[in-house]
Amino acid sequence: MQLTGTGIGRRTITGPAVRMPDPLPAPASTPSTLGAEAELGRATDALAGVSAELAERADRVSGAAQGVLLAQSQMANDPALRTEVQQLLDGGATAESAVFTAFAAYRDMLLGLGGYLAERATDLDDISQRVRARLQGLPAPGVPDPGHPFVLVATDLAPADTALLDLAQVLGLVTSEGGPTSHTAILAREQSLPALVGVSGAEGITDGQTLIVDAAAGTVVVDPTDAEVAAAQDRISALDEAASAPITPGALADGTLVPLLANLGNPSGVARAVELGAEGVGLFRTEFLFLDADRAPTVAEQQEQYRAVLAGFPGQKVVVRLLDAGADKPLAFLNDAHEENPALGVRGLRALRTHESILRDQLTALAAADAETDADLWVMAPMVATVEETEYITALAHELGLRTAGVMVEVPSAALLADHVLAATDFASIGTNDLTQYTLAADRVLGSVAQLQDPWHPAVLQLVARVGAAGRAHGKPVGVCGEAAADPLLAVVLVGLGATSLSMSPAALADVRAELALHTPTQAQALAALALQASGAAEAQAAVRAAITHTHHEGTDA
Ligand code: PEP
Ligand code: MG
């Protein structure tokens, strides 16, 4: 039997299924025999205990996992929820029943809101379970420990469980609920744990059944044949070999180089990026250095930071982005005026132009840091919408001593006029995060429209293709530095559309490197053509996955 879902990562794993234990049943609604005051004491202790336990778990992890656990710890302390619990206790409920009812009401509200917020409902269910287990003196619900490696099967996983999985035991995850932005997915991605989420039919998997989870294909085979297990083992060995091979430069199967670069926001990330094989920096987000500053940084202050980054990449390319202030990243010294629609306001290059002395200082600091180091410094401007802006920033950067100046393509107008834009500058770097936001008219920080923020959307890919074609026509580099480049399959598509380098958070480099090596340029172009022709994001992804699965299984060209 084969089930399908959304795959996280690209690995294949096989092993016996172990199900997460069933959740605690809903408590009986019989009235309290202890009285409201005693019940309040019990509920308060249990909520505080769970909040402290989650905060303590947060201390043991880092990154996204830490943020999720801290948020959960705060939810357990939420005053509105406490008031709700107290009212139920005053009405004669037991602590168990009051906690259950109050959390369930909150969860239903989140589910009703849909999208990103609905995917937070699991977080609340988990807190409710933990508080009720504590009230009854039971162990906190959690991941089983059968004493051998296994594939964990669950309805959905709580962040507290996903964050602290024993990766020596848990080979992968299969959940019947959850989408690509659920915390299970985010945390699995961060831990490089293969997972399949939103698998309908996963409820029927029982303990001990053998599973083959193929995250790249988005499939789980239940009770596979011996031949299927052998084929999966071959694929696992091939991928393991690729993963343990010495880090080589990013390249397609025929050796065509596709430099794989790091997205960084601080010099402190340099060492890790180098360790993971970054061949340079494709996006250094300078505004991250100055988010808390209430005055513009001096040339000397900036020079020191830029020198630290450039010094980490002797002989390699480092693309520094000029301050991208505004919308989700306001800088007090560049744009503090209130705007109704900040994403459409005076941000990025527009803000820099209204404070040209700050722009000149930044370019001056960059030129000075460049002179002190051996990296190949490129600078680029964010939020460029017109050819005139392209000409302006390219000329100013050259005038102030920067050899290579380019623009980010993250506004549809710049992509549509890519031919003129690339004629007027040295290179382009596509920021798919903003390009998706502006193409689909979906605020990238608004959970309720998160489904539209999908760079697989053919409307976005058609714009990328336009920039790729213009780059080829002018013989100029076209990088991609948005999150899209970190998705291994989408990375292949982007190269097929004409991207000449890819920049991503360093954790994603290995998977992207391994996937690129599986495809020739002709195959990447064929996959890109499939994605371009699709009617929507899901269709584009499905078409590419299907073509790749076919290649794996048939050994034919994609
Ligand atoms: C982008 O928009 O894709 C991008 C890389 O820039 P940022 O995410 O910093 O806006
Ligand atoms: Mg951007």
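Predicted model: local features only at pLDDT ≥ 70, side-chain atom pairs only at ≥ 80, totals over all residues.

Visitor: Which residues lie nearest the centre of the largest cavity?

Guide: Lys 317, Val 319, Ser 429, Gly 479 and Ser 501 do, out of 17 lining residues.

Visitor: And which strands supply at least two residues of that lining?

Guide: Strands β11 (317-321), β14 (428-430), β15 (478-480) and β16 (501-504) each do. By type, the lining residues divide into ten nonpolar, six polar and one charged.

Visitor: What about the second largest cavity, how does its lining divide?

Guide: Into three nonpolar, three polar and six charged residues. Among the lining residues are Arg 285, Arg 321, Lys 329, Glu 410, Asp 434 and Arg 444. Strand β10 (280-285) and helix α17 (432-439) each supply at least two residues of this lining.

Visitor: On to the metal. What coordinates the magnesium ion (ligand 2)?

Guide: Glu 410 through OE and Asp 434 through OD, at 2.1 to 2.2 Å. The two are 24 residues apart and link distant parts of the chain: Glu 410 sits in the loop between β13 (404-409) and α15 (412-416), Asp 434 in helix α17. Both Glu 410 and Asp 434 also belong to the lining of the second largest cavity.

Visitor: Why does Glu 410 count as buried?

Guide: Because its relative accessibility is 2%, and the cut-off for buried is under 20%. Asp 434 also counts as buried because its relative accessibility is 2%.

Visitor: Different topic: strand β8 (residues 219-222). Which way do its side chains point?

Guide: Thr 219 and Val 221 point one way, Val 220 and Val 222 the other way. All four residues are buried.

Visitor: How many bridges pair β1 (residues 2-4) with β8, and in what sense?

Guide: There are three bridges, in the antiparallel sense. Within that pairing, Leu 3 has Val 220 as its bridge partner.

Visitor: And β7 (residues 210-214) with β8?

Guide: Those strands are also antiparallel, over four bridges. Here Leu 211 is the bridge partner of Val 222.

Visitor: What does Gly 218 do in the hairpin of β7 and β8?

Guide: Gly 218 takes a positive phi near 70 degrees, in a hairpin with four residues between the strands.

Notes: Residues numbered from 1 in each chain as written. Chains lettered and ligands numbered in written order. Heavy atoms only, no water. 1 Å grid on protein atoms, 1.4 Å probe; cavity = no way out; pocket = protein on both sides within 12 Å on 5 of 7 lines; lining within 4 Å. Nonpolar A, V, L, I, M, F, W, Y, C, P; charged D, E, K, R; others polar. Buried < 20%, exposed > 50% of the residue type's maximum accessible area, 1.4 Å probe, protein only. Pairing = 2+ DSSP bridges. Donors = N, O, S within 2.8 Å, 3.2 Å for Na, K, Ca; no water.
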